[in-house]
Amino acid sequence: MMNKKLEVKNLRISFRTAGGKVQAVRGINFDLYEGETLAIVGESGSGKSVTTRAIMGISALNAITENGEIFYDGKDLLKFSEEDFQELRGNKIAMIFQDPMSSLNPIVKVGKQLTEAMLLKNRTRRKNSRKDFYSMIKKLRETVKADGSDENGEYAKLISQFVKAEKMGVSAESKYLYARKNAEEAAERLNGLLVTYQKESEPSRRAKCGGIFRYAAKCEDEFLPVFEGEEFKTLLQKLRSPAAPGEADLQRLQALLHEGLAAPVPDFYAIGYLRAFSKAGEAPQEPDKIINTAREFCKTFDADFAKASERGVLYSFRNSTQKKEQAIAHLKDMRKIFEGEWQSDSILSAAKSLAKEIDACIDPVEIRKESAERTFGSCLRSYCTRYFKGARKNKKENARYAKQTAKRERLLSKNKSIDWKVAPPALTDLDALKQSALTAIDALTALYERKTADASRFDPKTETEHIIGYLKARASETAAKVSKTSAKRRAIRLLNEVGIPDAEKRYSQYPFQLSGGQRQRIVIAIALSADPDILICDEPTTALDVTIQAQILELINKVKRERKLSVIFITHDLGVVANIADRIAVMYAGKIVEYGTAEEIFYSPAHPYTWALLSSVPDLESSGRLEAIPGTPPNMIYPPEGDAFAERNKYAMEIDFKREPPMFRITETHYAATWLLHPMAPKVEIPASVTDRIRRIKKEAENE
Amino acid sequence: MSENQTDKREVLLKVEDLCQYFRSGNGELKAVDGISFEIYKGEVFGLVGESGCGKTTTGRSVIKLYKITSGNILFKGTRIAAGTRKLREKLSDLRREGRKKISAFRKNKDTDAAAREKQALDDTIRALREEIRKAEYDEKHCNRAYAEAEVVKVREEYEKKRECCPESELESLNKEYKEKLRVASHERITNKIQMIFQDPIASLNPRMTVRDTIAEGLIIKGIRNKKYIDEQVYKMLDLVGLVPEHAGRYPHEFSGGQRQRIGIARALIMNPELIIADEPISALDVSIQAQVINLMNDLRKTFGLTVLFIAHDLSVVKYFSDRIAVMYFGKIVELADADELFLHPLHPYTRSLLSAIPLPDPIYEKKRKRISYNPLLAHDYSEDKPSFREIGKKHFVLCNDAEAETYRKELENK
């Protein structure tokens, strides 16, 4: 079984509009696995874009998320704040939009648009890492203080030593990274040159070598011993002389570069500690020795620091566990209150106090953050306030509805023709809110019970190790600077990857100077620039014509394979889907009506809407009348009572107009929501035009 | 279809060497560069190609939305549009060469020959000028002759009627006659060509009701009888699958498919003989596309309409068209019957286009190999320039001699 990347559960989204509440997404569930492409097919207004926009956290301002969860990496995206989303958007989940012209800024050069995010993200990442580092240090110091074991201020000394060592280490590391990047660039260019060396003319060889040598000259660092060595320097000197560089020498340079890059990465924290606290003359200068000495040198300090921190960690854990035990009892009491009739004052104050108590239960120094615990307070309070607000509004809504219906009846009884309908009351589902609150309480209780039961197994030593590891990782993240030149290098590499010729030239052009296909490639490159896990493609080829469309699809497929991306592909074109999808979800009127692998959807479709979609598109062999779907999609302000497709469905049964069909399981991976699959339903054959096509396709596949 | 049958069919639209250039910056953009084709009465002629290849420009030139640069467009045998650029260029070339010749004769003191040459030059120039003048006249006044003929027709018809009309009905007849006469004098031959636009949202005026939108053509034609107009509008609405109640509504109250139906009704009310459908279904939803295609198919059968169908979705073009022309950068590279084109594509661009069609079939899609087309690699036109030739029966390809030979062989082998 593959890893689940993304899980959407019972998502409901509506939009406030002048005409009423449009129910765009009405309870959909799907999973996205690692490295697969999930296609969402449906006509406009079926809610496919709304779903993905909710995943990205860019829903329209009038959108109301009524219910549901979107889990990514164990966290519920619907409960994310804008700041959290900024971390996630682009970094983890990237999106390609429909129209490349409107998603690129027309007055900013391509290169700037590509590197903008890299530079900004790098800056914020370094800033955040620094913030995280110091806040964790602060928390550690506070817990140790609270523990009372640090009476004579020894721990404060240890902490300040640790911070100083990290500072020194980071400065060494950033130098090292700079040198390494130059070496990498030189090696890459040299590899490229050596491949085409024989075919190049003399001047172009020299020009290319010039660039390589410039980078190679900048890769000296004490921790990259090869580039400091005599051989590398003399070779570079020799190559830089006006005589044309020979191939053998270049190959030697290549070998040296590779050797240098293969050198192990030293422990910069240890080196920093050595530099900060060794006496004069104690620290050796040779890189090999310095690494080993440094490790030896900081061993005792590490042990001391870990031991001192351990006490704080253990104290903090015990403290919070104790609080949790109390909280469990309290939660159980509170549940009874929340189960009963909700009274505005008592419930709100109960929610407030409970939220405060749970917030206090959080262990300040834990690394793995439980979202159920951290989001509990805000969720509970929002459920409560929404409940009471809803209760007030429901009253008004019901009154309005009653009044308007009465008026309508009155007019009808007077035999007047009326062309308006009474909008059904837009009621807040109070029971659902109550239930959500109870679920949240239950989930937290279960979590706390599990945690307190596991408390005896808590190992402060490994936990402390994790914390120190976390601190070191944060510190080292601040060292990785992305400069404008290195961002440009990466951007050009990306442009090459997405298949844009003359990347260097395109880098400094404006979007209007490029063709439609190239623009879409740029958009894809921007999406890939932060190495996302999930790529959402919202109709990326609809604005392009066939040949370009085929190229872009090939590109997305290639990128997906190479980077092991998970892709959500939204489209209304079934032909496009066949090419790219592993699994397909067919959406209609805010619901998933059929769900299965590509083969299942195309060769054994089960839902009448899927049949209709398949038979309404002409293919190269179609002749005779097309099977058009009569009518238009329903108005989602007044979603139909039963199956939303029933009105346009010629196989509709009576029950279709009355009750919504559940998801019927056909195979392990194939589900469809239609009453036709109910064991009591009459047997209905798939329409001839669809079966014909499937037969034809299978025959062709055999012939080939 | 046998050879004789096709020849007997009436040519409705004939496009000869159509060029449409646009000024862009300092240079010129050759949107359409010398294309010729004929559309027979009652057929659907598909025009495909990638975006920017000049399909839409061709359609718009035919309906005289642009003033064409050079070439002729003949509709029902009447020239409705003519460009003079090429004629003028020819004129100046002739003049330059003629003068050179004459001065050469004069240098040799051969006055007789010089006079003869001058006479000949003057004659050809006069003929050319006459041609240009005619083209300009046709371009401007193509509708005048048609309207005059219509007026004469109406006049004759009513003169006969008036003779045998009783005294009491004479007044009403006179009224009717006046009305008909006015309509006839407003009649234009270009009204017989109507266009359906790509984007049903942008092509309808949001401030006009459906009735106003559909009736606009009739009003411009000079019809003032409100009752007749309403009747016609309702008839058209009924025809395209809308109901008369829709007439009072505004475009924003309709769905995409319904809006496109309004666009079709607006075109049909003028009783056209040729319809130019410029990507009529590209902007529509999948489930609606089939409705519109079916509607157009029905209308075509009932009215015997001729359609110039412009689209980039090849499956739809194949389904809907009788003959297909493939355009690439302002030129038609291949023209053949729909089935023939899809069975035996000859030009490399057509092949690459066909190889890119996505089909709803995962197994086929995973095996599909796309052929890419690069005009610089595919052809060698450095010496032998290409021209439009017939390779197979009714199968035309843009190619040079060497290519024509290989194409012919390929076609025979199949």
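A cavity is a set of points, on a 1 Å grid over the protein atoms alone, where a 1.4 Å probe fits but cannot get out; lining residues have an atom within 4 Å of a point. The model is predicted: local features need pLDDT of at least 70, side-chain atom pairs count only at pLDDT 80 or more, and totals for chains, interfaces and linings use all residues. Residues are numbered from 1 along each chain as its sequence is written, chains are lettered from A in the order in which they are written, and side-chain values use heavy atoms, without hydrogens and water.

Four cavities of 30 Å³ or more are present. H9(B) gives the largest share, three residues.

Chains A and B form an interface. Contact (heavy atoms within 4.5 Å) links 43 residues of chain A with 34 residues of chain B. The buried area (accessible area, 1.4 Å probe, lost on putting the two parts together, summed over both) is about 3500 Å², with 58% from carbon and sulfur atoms. A:Asp545, A:Val546 and A:Leu620 supply 18% of the area that chain A buries against chain B, more than any other three residues.

One salt bridge (side-chain nitrogen of Lys or Arg within 4 Å of a carboxyl oxygen of Asp or Glu) crosses the interface. B:Arg370 pairs with A:Glu554, the closest N and O atoms lying 2.8 Å apart.

Technical notes:
On a 1 Å grid over the protein atoms alone, a cavity is a set of points where a 1.4 Å probe fits but cannot get out, and a pocket is an open set with protein on both sides within 12 Å along at least five of seven lines; lining residues have an atom within 4 Å of a point. Grid points are joined across faces, edges and corners, and a volume is the space filled by probe spheres set on the points. Helices (H or I, at least four residues) and strands (E, at least two) are DSSP runs, numbered from the N terminus.
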